[in-house]
Amino acid sequence: MRRLGVGVLYNRALTDLLLAEQLPVDYVEIIPERSWTDRGRGATPRFLEHPRDIARIEALAQIYPLVAHGVGLSIASAAAFDLGYVEQLARWRRRFGLCWVSEHLAAVQVSGNGVVDHHAGVALPLAWDEELLHLVTARVRHAVDGLQCPLLLENGVVFTPVPEPDMSEVEFLNRLTRESPCRLLLDLHNLYVNSVNLGVDANAFVRDLDLTTVAEIHIAGGNEFGGFYLDSHAGACPPQVWELLEQVAAHSTGLRGITFEFHESYFPQLTAAGLERELARAGEVWRATRRERDVATGVSASNG
Amino acid sequence: MSLQEFQRATAEFIASPERCVRARADFDTQVAEFTLTERERRRLQAMLNDRGMSANCMLYRINRLTPILEVLPRTWRLLGEAAEQEVHAFWRRYPDAVLQYAEEAKRFGRWIEEQVASGELPAGPVLEVLRLELAAFSRQQSAGT
């Protein structure tokens with residue numbers, strides 16, 4: 001896996017800035033599902049690509065290394081695993097030379113009672129049980145075989161934790177990365193959201209997590225709505241996310257990229273200058289902590 | 001099978017705040033259709049009584065409303081006070097989410113057309129605006145650079 005540096009999650013508000021190379025980014029992260037319509041398992045053709053979006057991705061690929069951040073694999077659904085989806089991601093991996101593919105450690109598809117592939121509309125709360133661990137580790141192996149590139153899974157936001165788990169979320173993640181070829185996409189804003197809404201101790205979380213398995217970090221901002229703090233990608237990162245980033249990046253010896261995410265609807269408030277500030281600050285953390293990562297891994301400072 | 005049922009039950013409750021409220025009062029009746037272990041029943045009951053369940057229900061609605069507002073903003077405005085009632089009726093009829101913007105907007109568009117045809121909604125410019133917005137979005141997606 002290449003060490004890339006600082007990236008941004010692509011949205012349409014960024015097209016001109018990225019194509020004009022006006023942002024301090026080393027790579028671009030794309031959401032494949034925004035560029036195709038999935039007509040569902042059994043449909044032929046199943047995936048209808050949107051020519052305008054594909055043209056934009058092809059143009060970006062001429063300038064930047066690309067990584068993919070999928071939202072539709074639903075790897076933690078108890079329903080049958082969607083290997084056709086993995087094949088589509090693998091096609092895109094080859095086509096656009098994706099450095100890696102990340103997905104959410106999430107269940108969004110449900111089946112049963114005569115219904116197959118019913119989309120739940122949200123990521124369902126997960127039970128951190130042995131049963132789920134076995135399910136996901138087996139699927140990660142299948143997915144990595146199919147993708148022929150690293151697969152990263154992202155920690156999520158939860159509003160109603162599932163009680164009586166077999167293990168903690170951190171223990172689940174540590175075992176998942178130990179027992180499968182999966183790497184972690186550590187979303188620090190998701191962790192912050194859980195700390196605000198549920199009182200999760202974010203510092204203890206990252207202290208107990210095996211940070212050597214973290215290959216990518218997501219940073220973002222959010223806002224309050226309906227009495228909850230949401231992972232709405234609403235603009236600049238809160239100070240707590242920066243503090244976590246500085247703490248985590250230094251010890252994440254396998255870190256390959258830090259990606260800033262924002263939703264395009266918030267671009268007028270964020271502004272291009274604000275976006276540059278977020279990316280520049282992430283770049284400072286990347287460079288400041290690189291020496292520590294290099295020392296920990298015995299890599300020459302001039303290498304990578 | 002049981003985990004599959006637990007996930008299905010969780011999804012169905014998140015899609016229906018009304019059912020969550022009913023389940024708080026009469027849990028056994030509301031979960032009778034799901035094959036759950038005792039632990040899963042305890043889990044589900046605790047989650048239904050957790051204040052965070054309202055956030056789940058709210059996010060479900062935000063996620064389902066976003067494609068409609070993105071693709072059909074003028075149709076939504078023209079529906080006026082009927083819009084909220086119609087979208088809730090649409091969700092009750094189609095509880096499975098389709099988060100792909102064009103597909104969800106088309107489904108909602110068909111729903112509105114049916115409502116007009118059946119006399120539930122008055123005929124008028126809303127249908128013309130609906131068709132125009134769907135066509136414009138389709139063209140936007142299919143155009144090249």
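These legends describe close-up views of cavities and aromatic contacts in a predicted model. Local features need pLDDT of at least 70 and side-chain atom pairs count only at pLDDT 80 or more, while totals for chains, interfaces and linings use all residues. Residues are numbered from 1 along each chain as its sequence is written, chains are lettered from A, and side-chain values use heavy atoms, without hydrogens and water.

**View 1. The largest cavity holds about 120 Å³ of space.** A cavity is a set of points on a 1 Å grid over the protein atoms alone where a 1.4 Å probe fits but cannot get out; lining residues have an atom within 4 Å of a point. The lining includes A:Tyr10, A:Arg34, A:Asp53 and A:Arg56. Four lining residues are nonpolar, two polar and four charged.

**View 2. The second largest cavity, of about 30 Å³, is lined by residues of chains A and B.** Among them are A:Pro125, A:Leu132, B:Leu3 and B:Phe6. Six of the lining residues are nonpolar, one is polar and none is charged.

**View 3. A:Trp36 and A:Trp92 form an edge-to-face aromatic pair.** Ring centres of a pair lie within 6.5 Å, and planes over 60 degrees apart count as edge-to-face. Here the centres are 5.1 Å apart, with 90 degrees between the planes.

**View 4. The charged end of A:Arg293 sits over the ring of A:Trp286.** The distance to the ring centre is 4.4 Å; the rule asks for NZ of Lys or CZ of Arg within 6 Å of the centre and within 35 degrees of the ring normal.

Conventions:
1 Å grid on protein atoms, 1.4 Å probe; cavity = no way out; pocket = protein on both sides within 12 Å on 5 of 7 lines; lining within 4 Å. Points joined across faces, edges and corners; volume = space filled by probe spheres on them. Nonpolar A, V, L, I, M, F, W, Y, C, P; charged D, E, K, R; others polar. Phe/Tyr/Trp six-rings, centres within 6.5 Å; stacked < 30°, edge-to-face > 60°.
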